Amino acid sequence: MKEFKIQPIKNGTVIDHIDSGKALKVIKILGIDENVSSVVSVVMHVQSSKKTYKDIVKVEDRELNPKELDKIALIAPNATINIIRDYEVVKKTKVHPPERVKGIVRCANPNCITNSRTALDTMEPVEPEFIVESVKPMRLRCVYCERELENPEEHLI
Ligand SMILES: [Zn+2]
């Protein structure tokens with residue numbers, strides 16, 4: 001098998017082993033849009049092994065914060081994060097879907113306290129919080145209303 005080579009970057013982050021088809025969601029999580037000012041490369045549907053494909057996202061001059069890493073773990077639980085400094089991989093980690101996620105996905109139940117307009121207007125807003133019940137497939141349960149959330153990637157904040 002011919003190995004796919006990523007063009008080296010001086011400083012930044014390479015997110016590898018993203019589930020095929022999810023690269024654009026990763027880009028969205030990173031807040032990358034038409035106003036981007038650093039080099040971003042997106043490679044989709046690269047052969048990863050004999051039968052599997054992956055996406056890769058490479059962002060120059062950017063390291064990820066814990067919230068971004070948690071979000072990526074929810075939509076691409078197999079991703080690896082390579083931190084590049086001066087052309088060297090200084091740190092390589094696998095994302096870890098957390099046991100609980102707070103403030104990164106919204107509950108699908110419109111009557112949940114975390115979506116309550118009254119709460120938003122008159123009280124401190126209640127930050128949505130979920131227990132990660134299963135990773136494959138990704139399933140979250142709201143700690144407030146116990147509604148199960150099956151497609152967290154569609155409810156990212
Ligand atoms: Zn809820």
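Glu 68 counts as buried at 10% relative accessibility (buried means under 20% relative accessible area, exposed over 50% and partly exposed in between, with a 1.4 Å probe and protein chains only). The structure is a predicted model, in which local features need pLDDT of at least 70 and side-chain atom pairs count only at pLDDT 80 or more, whereas totals for chains, interfaces and linings use all residues. Residues are numbered from 1 along each chain as its sequence is written, and side-chain values use heavy atoms, with hydrogens and water left out.

Glu 68 forms a salt bridge with Arg 62, with the closest N and O atoms 2.5 Å apart (a salt bridge is a side-chain nitrogen of Lys or Arg within 4 Å of a carboxyl oxygen of Asp or Glu). Arg 62 is partly exposed, its relative accessible area being 23%. The structure holds ten salt bridges. Another of them links Lys 54 to Asp 16, the closest N and O atoms being 3.0 Å apart. Lys 54 lies in strand 3 (residues 53-60) and Asp 16 in strand 1 (residues 12-19), so this pair ties together parts that are 38 residues apart in sequence. Helices (H or I, at least four residues) and strands (E, at least two) are DSSP runs, numbered from the N terminus. Both Lys 54 and Asp 16 are buried.

A salt bridge is also formed by Arg 141 and Glu 133, whose closest N and O atoms are 2.9 Å apart. Salt bridges with shared partners join Glu 133, Arg 139, Arg 141 and Glu 148 into one network. Arg 141 counts as partly exposed at 26% relative accessibility, and Glu 133 counts as partly exposed at 44%.

The zinc ion has as its protein donors the SG atoms of Cys 107, Cys 112, Cys 142 and Cys 145, which lie 2.3 to 2.4 Å from it. Donors are N, O and S atoms within 2.8 Å of the metal (3.2 Å for Na, K and Ca); water is not among the atoms, so sites may look incomplete. The angles among the four donor atoms are 99 to 116 degrees, and the site is tetrahedral (for four donors, all angles lie between 85 and 135 degrees). The ideal angle for four tetrahedral donors is 109.5 degrees. In sequence, the donor residues are spaced C-x4-C-x29-C-x2-C. Both Cys 107 and Cys 112 are buried, the latter at 1% relative accessibility. Cys 145 counts as partly exposed at 27%. A search of the whole structure finds zero disulfides (pairs of cysteine sulfur atoms within 2.5 Å).

Backbone geometry was also examined. Most residues other than glycine have a negative phi, and most peptide bonds are trans. His 17, a residue other than glycine, has a positive phi near 55 degrees. His 17 is found in strand 1 and counts as partly exposed at 32% relative accessibility. The phi of Asp 61 is positive and near 55 degrees. Asp 61 is placed in the loop between strand 3 and helix 2 (66-75) and counts as exposed at 59% relative accessibility. Lys 136 and Pro 137 are joined by a cis peptide bond with omega about -5 degrees. Pro 137 is found in the loop between strand 7 (129-134) and strand 8 (139-142).

Note on methods
Four donors count as tetrahedral if all angles lie between 85 and 135 degrees; four count as square planar and six as octahedral if opposite donors are over 155 degrees apart and all others between 65 and 115; anything else is irregular.
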